[in-house]
Each structure stands twice: as structure tokens, then as C-alpha cells.
Amino acid sequence: MRQAIAEAVVDDDVLGKDPTADRLERRVADMLGKDAALFFPSGTQANQTGILLHTTPGSEAICEADSHIFNYEYANAAWLGGVQFVPVTSDRGRLDPDAVRAAVRPGDRHHPRTTLICTEQTHGASGGSVVPVETLTQLRVMADDLEIPVHLDGARLWHAGAALGVPLADVAACADTVMVSMSKGLGCPAGSLLAGPAALIEEAWTIRKRLGGGMRQVGILAAAGLYALDHNLERLAEDHARAARLFAACSEIDGLRPVPPDTNTLRIDVVRKDLPAEEVSRRLADRGVWILALGPDWLRAVVHLDVDDNGIDRAIEALHEAVA
Ligand SMILES: Cc1ncc(COP(=O)(O)O)c(C=O)c1O
């Protein structure tokens with residue numbers, strides 16, 4: 001990947017002339033079954049652009065209650081777009097179309113308008129859970145019925161495709177706009193893309209510019225993305241298998257209750273009252289193992305291409321020691 005970055009052919013992408021960025025955008029759009037795509041510095045910026053594209057200030061967007069877009073993007077939808085989120089709870093990110101329909105405003109003189117439905121695949125907070133394509137299709141049918149667009153935060157769409165064994169376009173078909181991250185499990189240093197209909201992606205150029213996301217010779221990052229699609233996509237199943245092994249080992253440790261992983265992300269609940277997740281994370285870090293505490297009583301471990309079988313062995317040993 002470093003070699004590909006060094007050899008990238010570049011030009012000024014703010015003028016729309018970088019050939020390597022163009023190639024990555026075309027390739028991702030085709031993979032996702034969308035007209036066009038645009039490269040962004042981060043997933044957050046691409047998600048927020050998706051929201052800004054579909055909504056108007058003073059309107060509402062329905063989202064999943066544990067989603068990244070709702071919890072970890074600094075209320076940007078409100079700050080940048082004057083949009084109010086309506087969080088809907090779900091079982092592991094599987095938004096129930098009936099629950100979403102119930103949250104849609106009636107479209108009268110008294111309520112804000114519902115202008116967008118946001119969903120996430122895989123669902124990070126529940127441990128990289130895969131949302132079944134049927135659930136997303138039902139959501140799409142309901143949204144079409146109400147003429148409300150859908151934005152998919154597919155930061156880890158790659159992992160859903162690998163776990164489901166279906167083309168990414170099938171997973172992305174539920175949404176008008178889709179965000180995917182090159183830096184989630186594929187080994188790229190940075191970069192996300194927003195894909196969707198040609199007219200919306202054209203408009204996304206303007207919004208990206210407003211947000212300060214235009215980068216000149218961005219081909220060096222796009223080259224990393226192209227390399228990742230060629231070399232690091234097919235191997236995701238290896239990470240999923242290693243996460244399953246970590247799960248099995250964690251299940252044997254008193255005080256930990258891991259949630260069976262669908263993909264490369266493992267949610268580990270710490271069920272010992274005297275042991276905060278933060279403390280476990282600190283003890284793991286002392287042993288050279290990085291597992292984040294994302295709540296007072298749960299940890300999130302992510303297996304990626306730099307973690308081999310020995311790495312999993314070390315993590316298991318460190319988890320035993322940290323809890324003991
Ligand atoms: C599901 C999800 N969406 C969006 C993002 C934001 O991506 P970035 O960190 O590139 O802004 C993340 C980052 O972890 C994420 O997990």
C-alpha cells in the first residue's frame with residue numbers, strides 16, 4: 001500500500017482532475033450500484049454531507065438510537081444542518097420498519113417534516129452486527145411508500161458484504177446515499193466515500209467544499225483505497241474468523257460476557273461490578289493490547305489486518321490477566 005501511495009498519479013482534485021481519485025470514485029460507485037461517488041477525508045464528513053443533501057433546516061431525520069451518526073458525530077446534523085434527530089431503538093441495529101413508520105411525522109401544520117431515514121451497516125455499537133438485507137429491503141419499501149430518502153452509514157459495509165456473501169450493491173440497494181470508509185478494516189490511512197445518484201453527488205461537491213473537505217493531490221489516499229480493494233477486501237473473512245476465536249476464548253473468562261460477533265468487531269460486556277471496563281482497558285494497554293472501553297461496562301475489540309493468530313493469542317492471555 002505504501003508503494004501504491006508513492007507511485008500514485010495525481011493532479012488537483014479540487015479542480016476535479018485527479019485521475020486516481022476518479023478511478024477510486026468510479027470503482028466504488030460501481031461496486032455499490034450507484035451512479036457516482038465522491039471521496040471525503042472522513043466518514044463523519046461524508047455522513048454529514050449525506051444528511052445535508054436530503055434534509056432542510058427545521059426538519060427531522062429518523063436514526064437508530066445507538067448509531068454513530070446520532071451519538072458520535074457531535075450533533076453535527078443540528079449544528080450544520082438545523083436538523084433534529086429522532087432516535088428509534090432497535091435490536092442490534094435492525095430498524096423495524098413499523099417502528100420507523102410510527103416515528104414519521106404526519107405532515108400537518110403542527111409538526112416538523114420528516115426528511116430522512118438514516119441506518120447503519122454493520123451496526124457498530126452492538127458489536128459490528130450485520131443487518132439482514134431483508135430488513136433493509138422492508139425499510140426501503142416503507143420509505144418509498146412515504147417518499148422519504150434513506151441514507152446508509154456503511155462505514156463497515158465491506159464486513160457486511162463478506163459476512164452475508166452477497167454483492168455490496170445488494171447491501172447498498174436499500175439506500176439513496178451510502179457512506180463507506182476505506183479506513184475501517186481495509187488498512188487505509190484515511191478516506192471515505194459517499195455514493196448515490198449523479199445529481200446528488202454533483203451537489204455533494206459543493207457541500208464538501210463548504211465543509212473544507214476538498215483536498216488537492218488526494219490521489220495518494222485514493223491509491224491506498226484502490227490497493228485495499230484489490231488486496232484487503234477478500235481477506236476480511238479471516239478477521240471474522242479470528243473475532244469468533246476471540247469470542248470463544250472470552251466466553252471462558254469469569255467476569256466477561258462477550259456477544260457473539262457477526263464480523264470483525266467483538267462487544268465484550270464486563271459483568272463484574274467491582275471492575276469498570278475502563279480499568280480492564282488500561283490493564284490491557286499495559287500489556288500491549290488495545291481494546292477500547294466504549295461504555296462503563298463494555299469493551300469493543302476490533303480485529304483487523306494487522307492482527308494475526310499470535311495477536312489473538314496475546315489478546316486472550318492479556319484478557320485473562322486483566323480480569324484476574
Ligand atoms: C459506523 C461509523 N460511522 C461513521 C464513522 C466516522 O468515520 P470517521 O472516523 O472517518 O469520521 C465511524 C467511525 O468510527 C463509524 O464507526
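This dialogue walks through how to read a predicted model, feature by feature.

Colleague: What kind of model is this, and how are residues numbered?

Modeller: This is a predicted model: local features need pLDDT of at least 70, side-chain atom pairs count only at pLDDT 80 or more, and totals for chains, interfaces and linings use all residues. Residues are numbered from 1 along each chain as its sequence is written.

Colleague: What counts as a helix or a strand?

Modeller: Both are DSSP runs, numbered from the N terminus: helices are H or I with at least four residues, strands are E with at least two.

Colleague: When do two strands pair, and in what order do the 7 strands of the open sheet stand?

Modeller: Two strands pair if DSSP finds at least two bridges between them. Here 7 strands form an open sheet in the order 1-7-6-5-4-2-3, with mixed pairing. Its edge strands are strand 1 and strand 3, and each pairs on one side only. Neighbouring strands of this sheet are turned by 20° against each other on average, direction ignored. For such angles, axes are lines fitted to C-alpha atoms (for helices, over the stretch in contact), and angles run from 0 to 180 degrees between N-to-C directions.

Colleague: Which way do strand 1 and strand 7 run, parallel or antiparallel?

Modeller: They run antiparallel, joined by 5 bridges. Ala37 has Ala195 in strand 7 as its bridge partner. Strand 6 and strand 7 (residues 192–196) are also antiparallel, with 4 bridges. There, Met179 is partnered by Leu194 in strand 7.

Colleague: Where does strand 4 find its partners?

Modeller: Strand 2 (residues 60–64) joins strand 4 by 3 bridges, running parallel. Strand 4 and strand 5 (residues 150–154) pair in the parallel sense over 4 bridges. Follow Ile117: this residue of strand 4 is the bridge partner of Ile62. Ile117 in turn has Val150 in strand 5 as its bridge partner.

Colleague: How is a residue judged buried or exposed?

Modeller: Count C-beta atoms, placed from the backbone: a residue is buried if 20 or more others lie within 10 Å of its own, exposed if 12 or fewer, and partly exposed in between. In strand 4 (residues 114–120), 6 of the 7 residues are buried.

Colleague: Why is Val83 called buried?

Modeller: Val83 is buried because 24 other C-beta atoms lie within 10 Å. Val83 sits in the loop between helix 5 (76–81) and strand 3 (84–88). Contact means that the C-beta atoms of two residues, placed from the backbone, lie within 7 Å. Leaving out residues up to four places away in sequence, Val83 touches several residues, including Ile51, Pro57 and Ala77.

Colleague: How do I check the length of a helix?

Modeller: The expected span is 1.5 Å times one less than the number of residues. Helix 11 (residues 219–231) has 13 residues, so it should span 18 Å; its end C-alpha atoms are 18 Å apart, which agrees. Among its buried residues are Leu221, Leu226 and Tyr227. What covers the buried residues includes helix 1 (2–7), helix 2 (19–32) and strand 1 (36–40).

Colleague: What about helix 8?

Modeller: Helix 8 (residues 157–164) is mostly covered, with 7 of its 8 residues buried. Trp158 and His159 are among the buried ones. The buried residues pack against strand 5, helix 9 (168–172), strand 6 (177–181) and helix 12. Just after helix 8, Gly165 takes a positive phi of about 70°.

Colleague: What is the order of the open sheet of 4 strands?

Modeller: The order is 8-9-11-10, with antiparallel pairing. Strand 8 (256–258) and strand 10 (292–295) are the edge strands. The twist averages 35° from one strand to the next. Strand 9 (residues 265–270) and strand 11 (residues 298–302) share 5 bridges. Helix 12 (residues 236–250) lies across strand 8, strand 9 and strand 11, at about 15° to strand 9. Helix 13 (residues 277–286) also packs on the sheet, and its direction makes about 170° with that of strand 10.

Colleague: Which residues surround the ligand?

Modeller: A residue is near a molecule if its C-beta atom, placed from the backbone, lies within 6 Å of it. The surrounding residues include Ser42, Asn47, His68, Glu120 and Asp153. Helix 3 (residues 43–54) gives the largest share of the shell, 3 residues. The shell divides into 1 nonpolar, 8 polar and 2 charged. Here Ala, Val, Leu, Ile, Met, Phe, Trp, Tyr, Cys and Pro count as nonpolar, Asp, Glu, Lys and Arg as charged, and the others, Gly among them, as polar.
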